[in-house]
Amino acid sequence: MTATVDLPPLIITGIDAMLVRLPLKKPMLMAGVRIEAAENLLVRIEAADGTIGWGEAASAPTMTGDLPAGMLAAVALLRPLLMGRDAFAHPQLSRACQQALHGSGAAKSALDMAVLDLCGRRLGVPLWALLGGKLRNELRPMFLLGNPSVQADIEEARDRLQRGIGFFKIKVGVKPLAEEIDTTHRLREALGSDVTLCADANMGFAPEQARRYAQAVAQADLLFLEQPLRSEDLRGMAMLARNSPVPLCADEPIGSVADILDYHAAAAAQGINLKTIKLGGVSATAQAAVVCQALGLSINLACKVAESSIGAAALVQLGATVGNLDWGLSITNHYLAEELTLEPIQARDGVIRVPDRPGLGIDVDVERVQRFRVC
């Protein structure tokens, strides 16, 4: 996206960063951490003509190290790079933010999302148009199963099946190995062969556990097993990938294109989970997806648990443009007990229809933002 002489500049005059705490419908156990509420960063950017853009990023202490206070501090450091600048010079602004601060992917992502939303709203075009155009009108989301018992998982999955959802991710790496294996097989038996299943260990397996799990569930026809080993164990992932009957997906260690290249060179995964908070923005994630496609890697696009419909909308817009979205879309706003938009992003008949409205295609409920704002 480049400015032209016929396009008046869209000067950024205000950047407001805030923290919200959003309650979950029920607690979730992720990477050994019990999560009862989502602590997310919101960024509101205003232009001189009154146009508003919104961005969101989840805190992720165990994944990226981004803590709520740190995200606010990062926005404060990056704010001067954007204030008074033309939002239509988005590539230059994005590059400046990436180079100015090490890490802090969540803050960079929320700012990047807000600038893109601002530009789309001002031009009257959806985000997917700014990213080069859409390849699909519908996206198939997956739903995470992580209940205390397998029967609860089965009941929840059957309930979702009645609503049209036929793609589920099993949470593993938490219970005893034999129980994880049994749960996987029982879910496959209960849900049938037409349902797509995958599993996510969130680094919860030791190498031998991961090997045994992958071998034991070979007949369960899992689409992929996500990040079974610790993020620093590239060698272990490569060894497992050579022998696993289930394709491996890399998640936690992927924070840049360089990480993708390292995993590909080591033949340590057949696919990559891409999150905007790890890569530092929607535009950076779009670039990473192109690299994955060139390398022959499948991708899964995912929000962190649990981003609202603001973050979900950005992922839907991005997902419409990605060529190799073989491993699905993981939005997480449906885990929230409260939302921040007037009409939440949600699946209907098992699919999410890509909005054609300007920017992110959603309307932020400012009153709810203020109600859940903690800083």
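Hi everyone. Before we start, please keep in mind that what you see above is a predicted model.

Let's begin with two helices. Find helix α9, which covers residues 257-265, and then helix α11, which covers residues 282-295. How are α9 and α11 placed relative to each other? They pack at an angle of about 20°, and their axes are 10 Å apart. Because angles under 35 degrees count as roughly parallel, we call α9 roughly parallel to α11. If you are wondering about handedness, the crossing of these two helices is right-handed.

Now zoom in on the side where they touch. From α9 come V257, I260, L261 and H264. On the α11 side, the residues that meet them are A288, V291, C292 and L295. What kinds of residues make up this contact? Seven are nonpolar, one is polar and none is charged.

Let's move on to charged partners. How many salt bridges does the structure hold? There are 18, and I'd like to show you a few of them.

Start with R373 and D16. Their closest N and O atoms are 3.6 Å apart. This pair links distant parts of the chain, with the two residues 357 residues apart. D16 sits in strand β1, residues 12-30, while R373 is in the segment after α13.

Next, look at E39 and R21, whose side chains meet in a salt bridge with an N to O distance of 3.2 Å. E39 belongs to strand β2 (residues 33-47) and R21 to strand β1, so this bridge ties together parts that are 18 residues apart in sequence. Both count as partly exposed: E39 has a relative accessible area of 35%, and R21 comes out at 40%.

To finish, let's visit two single residues.

The first stop is T184, in helix α6, residues 177-191. Is T184 buried or exposed? Its relative accessibility is 0%, so T184 counts as buried. Which residues does T184 touch, leaving aside neighbours within four places in sequence? They are I170, Y213, V217, A220 and L222. Take V217 from that list: V217 and T184 are 33 residues apart along the chain, and their C-alpha atoms are separated by 7.0 Å.

The second stop is I52, in strand β3, which runs over residues 52-58. Not counting residues up to four places away in sequence, I52 touches R44, I45, E46, D117, L118 and R121. Compare that with C303, which is 251 residues from I52 along the chain. The C-alpha atoms of I52 and C303 are separated by 23 Å.

Notes:
Residues numbered from 1 in each chain as written. Predicted model: local features only at pLDDT ≥ 70, side-chain atom pairs only at ≥ 80, totals over all residues. Heavy atoms only, no water. Axes fitted to C-alpha atoms, helices over the stretch in contact; angles between N-to-C directions. Helix = DSSP H or I, 4+ residues; strand = E, 2+ residues; numbered from the N terminus. Parallel < 35°, antiparallel > 145°, perpendicular 65-115°, else oblique. Left-handed = near helix turned anticlockwise from the far one by under 90°. Contact = heavy atoms within 4.5 Å. Nonpolar A, V, L, I, M, F, W, Y, C, P; charged D, E, K, R; others polar. Salt bridge = Lys/Arg side-chain N within 4 Å of Asp/Glu carboxyl O. Buried < 20%, exposed > 50% of the residue type's maximum accessible area, 1.4 Å probe, protein only.
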